[in-house]
Amino acid sequence: MKKPAHQSTSVWMDTSKLPLESSLTDDINTDVCIVGAGIAGMSTAYLLAREGKAVVVLDGGPIGGGMTARTTAHLTNALDDRYFEIERLHGKKGARLAAASHAAAIDAIEAIVKREAIRCEFTRLDGYLFVPPRESTKVLDDELAAVHRAGLTDIEKVARAPWNSFDTGPALRFPRQAQFHPLKYLSGLAKAVKANGGRIYTQTHATSIAGGKQARILTRHGVVTAGSVVVATNTPVNDLIAIHTKQASYQTYVIGARVPKDSVERALYWDTLDPYHYVRIETVGNRGAPYDLLIVGGEDHKTGQADDGASRFAALEKWTRRRFPMTVSIDYRWSGEVMEPVDGIAFIGRNPLDAKNVYVATGDSGNGMTHGTIAGLLITDLILKRKNAWAPLYDPSRITLRALPTFIRENLNVAAQYTDVVLAGVMRSLEQISPGSGAVVARRLHKVAAYRDPKGTIHERSAVCPHLGGIVSWNTLENTWDCPCHGSRFNAAGKVIQGPANSDLLEIDGN
Ligand SMILES: Cc1cc2nc3c(=O)[nH]c(=O)nc-3n(C[C@H](O)[C@H](O)[C@H](O)COP(=O)(O)OP(=O)(O)OC[C@H]3O[C@@H](n4cnc5c(N)ncnc54)[C@H](O)[C@@H]3O)c2cc1C
Ligand code: FES
C-alpha cells in the first residue's frame with residue numbers, strides 16, 4: 001500500500017497491496033451509502049450486500065487507509081477497560097452482552113475468511129493478561145471473577161505467560177482469541193462486496209452528509225442519494241458535539257522488533273499498566289528467510305497534547321529489549337489514533353439528534369477490529385429492521401451516569417485546551433522552523449499553522465481547527481497538525497485526514 005507522504009509506515013502497509021478503485025464521477029442512487037472504507041465500513045458493506053442490499057462505499061483515501069492500516073489487529077474479547085469496570089458501568093447484563101458480542105465478532109470474521117477464502121493469516125490463539133512487575137495481582141483476580149460472571153467461563157489463571165525470556169508472574173489466559181493481517185482482510189472484503197454487486201469509490205471525500213427521506217451525501221464529483229447512510233469514518237464527521245463529548249482521542253505508538261523465528265510463543269499479550277502494553281507476533285519475509293516481528297504497542301497520550309514520539313518509541317524499545325533480549329533490530333515504528341468512549345463501550349447505531357436513517361460506528365478504543373465487525377452485524381440488523389439484543393448496549397445516544405466522573409474529566413481537559421494555548425505563548429517565529437517541520441506562530445490576532453517544506457518554502461494555514469475552533473499543534477513524528485480537543489488531524493499542507501473536522505485548515509487571507 002502507498003504510504004501517505006512523510007507519515008510513518010505500519011508493517012501492514014508494507015506487506016499488502018489493496019485494490020485500486022476509481023473515484024465517483026456521477027450522481028448515483030443506492031439503498032445504503034457507507035462513508036469510510038475501514039474495518040467498520042467494509043464489514044457493514046459486506047454484510048448488507050450479502051443480504052441483497054445495493055451498497056455504495058465512499059472513502060476520501062484508499063480502502064483501509066485510516067486507522068485500520070495502523071492497528072495491531074488483535075481480535076479479542078479481553079476488553080481494554082476490564083470486565084469488572086464494564087459491569088460497574090453497564091450492569092451484569094451489559095457485561096454479558098459485551099462479552100458475547102466480541103466473541104461473536106471473532107467468530108464472524110473467521111466465518112467470512114472461510115466463506116470468501118480470504119488469505120489474511122487469520123489464526124486462533126490464546127491471549128494473556130498480566131500485571132507490570134511488582135504490582136498487585138488483585139486486578140487479575142477481580143477480572144477473572146468478572147469475566148466468569150460475563151459468561152467467559154473458559155478463562156483461567158495460569159502461573160505465567162509463556163515467555164521463556166521473562167517471568168511475567170501470574171496471568172489470565174483467554175482461549176480462542178485470534179489475529180490477522182488487517183489490510184489483506186479488507187482486500188478480501190472489497191472483492192466480496194463487489195462480487196455481491198456493491199460499488200466502492202475511493203479518493204472521494206464526502207463533504208456533507210444529511211439524512212432525511214433520501215439521505216444525500218455530497219462529494220466534489222457527484223451526489224449519492226440513499227435510503228440510509230452509515231458514517232464509518234472512525235470518528236463521526238457529521239456530528240458536531242453529541243458524540244464528541246462522550247469520547248476522547250488518544251495517540252498510541254507501535255514498534256516492530258525483529259526476533260528469531262519461533263523464539264516467542266505466538267499469542268496475544270497485554271499488561272494492565274495505564275496506558276497498557278500490547279504485543280503480538282507476525283511472521284515476515286516469507287519468500288526470503290522468514291523471521292518474526294514482535295509488534296509492541298503502548299505509550300498513549302491525548303492527541304495533540306504531546307510531541308515526543310521519539311521518546312515514546314525509545315520507551316517501547318527499552319520495555320521490549322528488557323523482556324526479549326534476543327531482539328535483533330527495530331524494523332518498524334508507527335503511530336495511530338484511538339477513540340476512547342467514556343464508558344468503555346463503542347457507539348454503534350442511530351446517530352443521536354439526527355434523521356432516522358443516519359447510522360454511526362465509533363468509540364472503538366483498542367478493540368476496533370471487533371467493534372468494527374460488531375458495527376457491521378448490528379447496523380445490518382438495524383437497517384433490515386431486525387431485533388438485535390446488543391442494540392441498547394451500543395446505542396450512541398445512551399447516557400451512562402456512572403461514567404460521569406470520566407466524562408467531566410475528559411471535557412475539562414478539552415476546555416483547558418482552549419485556554420492553555422492562549423496563555424502558554426507557545427508560538428515561535430517563522431525563522432525558528434527548520435525544514436520539514438511546523439509550528440504555530442502568532443500573527444496579530446491570528447494563529448498560523450506554518451510548515452517549512454524540505455526545500456525551505458513556508459506554507460501557511462489557519463491554526464484554528466474547523467471542527468470547534470481548537471488550535472492545532474505540530475506532530476513531528478507524523479508531520480501532521482493535530483487538534484488537542486477532539487482529535488482532528490490534518491496533513492502538513494492542512495488537508496483534513498481525520499475527523500471530527502471534515503474540511504481543511506483554512507487558507508490565510510493574502511496567501
Ligand atoms: C496503533 C493502533 C493499534 C490498535 N490495535 C488494535 C488491536 O490490536 N485490536 C483492535 O481491535 N483494535 C485496535 N486498534 C483500533 C482499531 O485499529 C481501530 O479502531 C479501527 O481500525 C477503526 O476502524 P474504522 O473502520 O472505524 O476506521 P478507519 O480504519 O480509520 O476508517 C475510516 C475511513 O473513513 C475515511 N473517511 C474519513 N472521513 C471521510 C469523509 N469525509 N469522506 C470519505 N471518507 C472518509 C478515512 O479515509 C478512512 O479510510 C488499534 C488502533 C491503533 C491506532
Ligand atoms: S477536533 Fe474539535 S475543535 Fe478540533
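T204 counts as buried at 2% relative accessibility, where buried denotes under 20% relative accessible area, exposed over 50% and partly exposed the range in between (1.4 Å probe, protein chains only). The structure is a predicted model, in which local features need pLDDT of at least 70 and side-chain atom pairs count only at pLDDT 80 or more, whereas totals for chains, interfaces and linings use all residues. Residues are numbered from 1 along each chain as its sequence is written, chains are lettered from A and ligands numbered from 1 in the order in which they are written, and side-chain values use heavy atoms, with hydrogens and water left out.

T204 is placed in the loop between β7 (199-201) and β8 (206-210); helices (H or I, at least four residues) and strands (E, at least two) are DSSP runs numbered from the N terminus. The side chain of T204 reaches the backbone oxygen of T202 at 2.7 Å. This pair is a polar contact, defined as a pair of N or O atoms within 3.5 Å; within protein, one must be able to donate a hydrogen and the other to accept it, and residues adjacent in sequence count only if both atoms are side-chain atoms. Apart from neighbours within four places in sequence, T204 is in contact (heavy atoms within 4.5 Å) with S23, L24, L58, D59, G60 and T219.

R312, found in helix α6 (residues 309-323), is likewise buried, with a relative accessible area of 15%. A polar atom of the R312 side chain lies 3.2 Å from the backbone oxygen of E299. When residues up to four places away in sequence are not counted, R312 touches Y253, E299, D300, H301 and A306.

An oxygen atom of ligand 1 is 2.9 Å from a polar backbone atom of H74, and a nitrogen atom of ligand 1 lies 3.1 Å from a backbone N or O atom of G366. For M369, a backbone N or O atom lies 2.7 Å from an oxygen atom of the ligand. Taken alone, ligand 1 exposes 1,000 Å², and the protein buries 95% of that (Shrake-Rupley method, 1.4 Å probe; for residues, only the protein chains shown count as cover).

At the level of the whole chain, nine helices and 24 strands are present. Of the 511 residues, 58% count as buried. Residues 24 or more positions apart account for 68% of the contacts with a separation of 6 or more.

Several backbone features were also identified. Most residues other than glycine have a negative phi, and most peptide bonds are trans. A cis peptide bond joins D274 and P275, with omega about 0°, and P275 is found in the loop between β12 (268-271) and β13 (278-284). Another cis peptide bond joins G499 and P500, with omega about 10°. R134 has a positive phi near 70° and counts as exposed at 81% relative accessibility.
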